[in-house]
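Reader: Hi! I'm new to reading protein structures. Could you walk me through this one?

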Amino acid sequence: MKRRHRRPRRGEGSRGPAPSSPFPFAPPFPARPPQPRAAAGAGPRAGPAPAPPAGPPARLTAPVSPPSFSLTPSAMAAAAAEQQQFYLLLGNLLSPDNVVRKQAEETYENIPGQSKITFLLQAIRNTTAAEEARQMAAVLLRRLLSSAFDEVYPTLPSDVQTAIKSELLMIIQMETQSSMRKKICDIAAELARNLIDEDGNNQWPEGLKFLFDSVSSQNMGLREAALHIFWNFPGIFGNQQQHYLDVIKRMLVQCMQDQEHPSIRTLSARATAAFILANEHNVALFKHFADLLPGFLQAVNDSCYQNDDSVLKSLVEIADTVPKYLRPHLEATLQLSLKLCGDTSLNNMQRQLALEVIVTLSETAAAMLRKHTNIVAQTIPQMLAMMVDLEEDEDWANADELEDDDFDSNAVAGESALDRMACGLGGKLVLPMIKEHIMQMLQNPDWKYRHAGLMALSAIGEGCHQQMEGILNEIVNFVLLFLQDPHPRVRYAACNAVGQMATDFAPGFQKKFHEKVIAALLQTMEDQGNQRVQAHAAAALINFTEDCPKSLLIPYLDNLVKHLHSIMVLKLQELIQKGTKLVLEQVVTSIASVADTAEEKFVPYYDLFMPSLKHIVENAVQKELRLLRGKTIECISLIGLAVGKEKFMQDASDVMQLLLKTQTDFSDMEDDDPQISYMISAWARMCKILGKEFQQYLPVVMGPLMKTASIKPEVALLDTQDMENMSDDDGWEFVNLGDQQSFGIKTAGLEEKSTACQMLVCYAKELKEGFVEYTEQVVKLMVPLLKFYFHDGVRVAAAESMPLLLECARVRGPEYLTQMWHFMCDALIKAIGTEPDSDVLSEIMHSFAKCIEVMGDGCLNNEHFEELGGILKAKLEEHFKNQELRQVKRQDEDYDEQVEESLQDECPHRPWPDRQWGLCIFDDVIEHCSPASFKYAEYFLRPMLQYVCDNSPEVRQAAAYGLGVMAQYGGDNYRPFCTEALPLLVRVIQSADSKTKENVNATENCISAVGKIMKFKPDCVNVEEVLPHWLSWLPLHEDKEEAVQTFSYLCDLIESNHPIVLGPNNTNLPKIFSIIAEGEMHEAIKHEDPCAKRLANVVRQVQTSGGLWTECIAQLSPEQQAAIQELLNSA
């Protein structure tokens, strides 16, 4: 429902593709040893491609000597001829003819690096050469320095290095063409970047002198050049930066005040931003440069009205990375952004960027922004006004293809901004400000306002969750009215709002509104004249059923199925007659979602749907029906999983044949075919349904699955220049690496790769030893994927697979198993040390622990323990450092109650995992070091008693367990504390919600601890008074270890004929039988455990006494009686 817009991160600029490489890496000529390669193909070709020169592609056959400064006439003639050949080569590198270009790329690749520099510099210097060739040469030289500096430059003789440096500065001064001068400045900046040594010394002092001379020159071109170099590499001063700080500041201020030359003002503003961003952790520098902000903001304003949004983009970057720099002039920054956003004379992109400044600050500096409520209050109507910017479209209602959202449109940008601002600033501030606006919009006669109001309601649900929950009833009733709106696009927006609320407020939304929402959506799905509305109502129903508790859905099954079936039949006919498929695609997924939630309750409806679904898979083979076919395959496999093997077997063979046929056509599928990911998931579901019988299909399935799991994404390292030359094209995302560099990755195929890896995990889990043939190839694929940082899901699947693959490999014997463990062990430990995401890290740790359980003692050597110890110590230190950072945030001048709320969400005053860990450590100290543990009692005894009543059940459990082992293993010193603990334990056990799902484990540990105090320290408590209560709390069945402890103590008491336990004339025996039966039903004790035999013996003793046995059994339910019989048969 909600369009999840990823905000462009710093440095992303336009999201474009890494350009098709002019120079893919080609193998060197066999005759010549391989040369260090420049990644010449990392970016786009510069300039328009000229027509290829006539004749064969140029070939430079001999290595060319480096610059030589005293050449004979014949040598000069040879050099000139070679240079001429190089011009031909540059022309061919720009050729639109792929064959010509490819040959030229190979030739270029094989020129030695030193010679490349000579040729490229000569081409740049030659002002009579073609403009495109000079620009191409400049781009190539910059890339050569960027990607192969260490291989090429240090090998040059020092006089050549000096010549290159002075040559570059000379060319900048001589160049008259502005865009060419910029490209040469980029080369100078790249060289300067590489000439700062490890200690921060600038090895090119002449470059700095040139910078200072040029910035105060009367020649505007030179001033532009100096600013351009500084913007490109703001770290150019190296370790002298602090010394030159006032000079840098004066330079920037002077240029920003240049009233005659707007381009100088713009460049100095961009250079200022680059400098601030390059020093993002230097708070003192922010203060020193704060008085440049007014001039910077003026430059933002002026440049926008000259149709240049580069300074505005710099402001967005500052808001994202160093928002604190803006604090002294925050009001002015916000007012300017608001003014630009509201100015309809600017283009949409500029207005959206201005809004982006405010929205980014709501995410990166929420507390700072919350102090400017007047700005927030003015920004909200701006966003809503953007959302009203919709176009009339007569064909909208029955379009059969869903176009991708137009991310440049104001409506989509406004909605995304509203979503992010609500999440950033919180509903306490945003909801009261927006509520009245939305109500007015919903009453507007113009459909665009009603549409925008409903979309706004969808957008704020996540951020205003807490505040909207209280008024959800009136919101839902109001929104449902708009499902009857006269305009189809308003009805569509109402479906959107319902679907989004079903997700944001689940499962409470489903519990409260199931009746009215299901009825309203089914009615809207009948809107025959408007496919888009029908399809979106079906999509909202999917959201609703996905999070709907099964028990709530069952009463509606008949009605739901009837509607879905009749629409499916109707839409199938329309597909055949008119070729329309949009609604059918969504209805098929709705059926799948209902089956998935209803599970076995869907069995009666199975035969109603399966024939039609199989028919779609068989016949929907045209390219435009690929998505429908994929969704239908998903639907069939989900229904199969829901109804179970017995019911599904009647069609399993047909379905498998259909899947196999699709699979054999797999090789013909295009990479972006939507069926691929649906197929991969369907196979895994079939594996779950068929179990071991699925093994026979593995040879067919595994090939394509391994191919998809092995997808290698396209990546590119680009600098700011490449980024600026990029054309917009979705499918590439960029991450700023600082230093004017960005890392680009093509995201196509990443989700499919992740799905494929998850399916391999599924096969290993389901088929166990049946998967052994594939363990070797899968483990070789998965181990390197622990470092696949492009996608979290891939790393999680890789980690999950490890213990499962070991289980699968067991049948091959210990030697094979050990080899496999050695292959994965080091990689797992390293992954624990380097994993950046905490959720993924916990999965990797969990998998590592399971691997150790599989492998048993001795699977780790001393080096492993040392490495692990170091990593875990670092993780703990990081954990406590984060707590200190939270304390620092509390000291911040922008600290407010919402900051405290978010800190509490992260971790309360002392986070419960810390308290739990601390208690667990001391639990072990008491258990394994008693009674010597008492000398540390001052550290843990008081907290342990206090934490028995903690709010967190995990902490209560750890404290209660500790009190139990204290009674069991602690010496006499602990006696008074056992007495003190008893009433605290009883209070927890007797609290009203002690047996709820989240509390039951802690409660059972308290019950067990009371039993241990009575058993091991009976003189500390009044056993006769406590025992009847303790019996009434039995049995335990969640915590299996403590269940064994309590049943053992119960056996002790029964076997010693304890009068209170047995009761007068054995009247308590029926109650004891009931406790034993309940324990058996919950599998609290394994039959092989000695305690199970003792319990069975208690039952057998009563069995011999005729009447008493009958009396005991008569008071048990049939299930309890069966459980007693099971115990007697098994133990």
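Author: Happy to! One term to begin with: a residue is buried under 20% relative accessible area, exposed over 50%, and partly exposed in between. Also keep in mind that this is a predicted model.

Reader: Okay, let me try that. Is Phe880 buried, exposed or partly exposed?

Author: Phe880 has a relative accessibility of 37%, so it counts as partly exposed. Its place is in helix H40.

Reader: Which residues make the nonpolar surface patch?

Author: Phe880 is one of them, together with Leu876, Trp917 and Ile921. The patch covers about 370 Å².

Reader: And which helices supply it?

Author: Helix H40, residues 862-891, and helix H42, residues 912-929, each give at least two residues to the patch.

Reader: Nice. Changing topic: how many salt bridges are there in the whole structure?

Author: A search finds 38 of them.

Reader: Is Asp485 buried or exposed?

Author: Asp485 is buried, at a relative accessible area of 7%. Arg450 is buried too, at 9%.

Reader: What does Lys614 pair with?

Author: Lys614 meets Asp654 in a salt bridge, at 3.1 Å from N to O. Here too, distant parts of the chain are linked: Lys614 is in helix H29 (residues 606-619) and Asp654 is in helix H31 (residues 645-664), 40 residues apart.

Reader: Which accessibility classes do they fall in?

Author: Lys614 is buried, with a relative accessible area of 13%. Asp654, at 38%, is partly exposed.

Reader: Which residues are linked in a network of salt bridges?

Author: Lys1015, Asp1052, Glu1055 and Arg1094 form such a network.

Reader: Let's do rings now! How many aromatic pairs does the structure hold?

Author: There are 27 aromatic pairs. In one of these, Phe602 and Phe609 have ring centres 5.9 Å apart and planes at 20°, so the pair is stacked. Phe602 and Phe609 are both buried.

Reader: Why does the pair of Phe694 and Tyr697 count as tilted?

Author: Planes under 30 degrees apart count as stacked, over 60 as edge-to-face, and the rest as tilted. The planes of Phe694 and Tyr697 are at 50°, so that pair is tilted, with ring centres 5.8 Å apart. Phe694 is buried, as is Tyr697.

Reader: Which residues do ring pairs link into a cluster?

Author: That cluster joins Phe212, Phe230, Phe237, Tyr244, Phe275 and Phe289.

Reader: Last one: what sits over the ring of Phe788?

Author: The charged end of Lys753 does, 4.9 Å from the ring centre. There is also Arg915, which lies over the face of Tyr947 at 5.8 Å from the ring centre.

Technical notes
Residues are numbered from 1 along each chain as its sequence is written. This is a predicted model: local features need pLDDT of at least 70, side-chain atom pairs count only at pLDDT 80 or more; totals for chains, interfaces and linings use all residues. Side-chain values use heavy atoms; hydrogens and water are left out. Patches are made of residues with over 30% relative accessible area and no salt bridge: like charges are joined within 9 Å, nonpolar side chains (Val, Leu, Ile, Met, Phe, Trp, Tyr) within 5 Å. Accessible areas come from the Shrake-Rupley method with a 1.4 Å probe; for residues, only the protein chains shown count as cover. A salt bridge is a side-chain nitrogen of Lys or Arg within 4 Å of a carboxyl oxygen of Asp or Glu. Helices (H or I, at least four residues) and strands (E, at least two) are DSSP runs, numbered from the N terminus. Buried means under 20% relative accessible area, exposed over 50%, partly exposed in between (1.4 Å probe, protein chains only). Rings of Phe, Tyr and Trp (its six-membered ring) pair if their centres lie within 6.5 Å; planes under 30 degrees apart count as stacked, over 60 as edge-to-face and the rest as tilted. A charge sits over a ring if NZ of Lys or CZ of Arg is within 6 Å of the ring centre and within 35 degrees of the ring normal.
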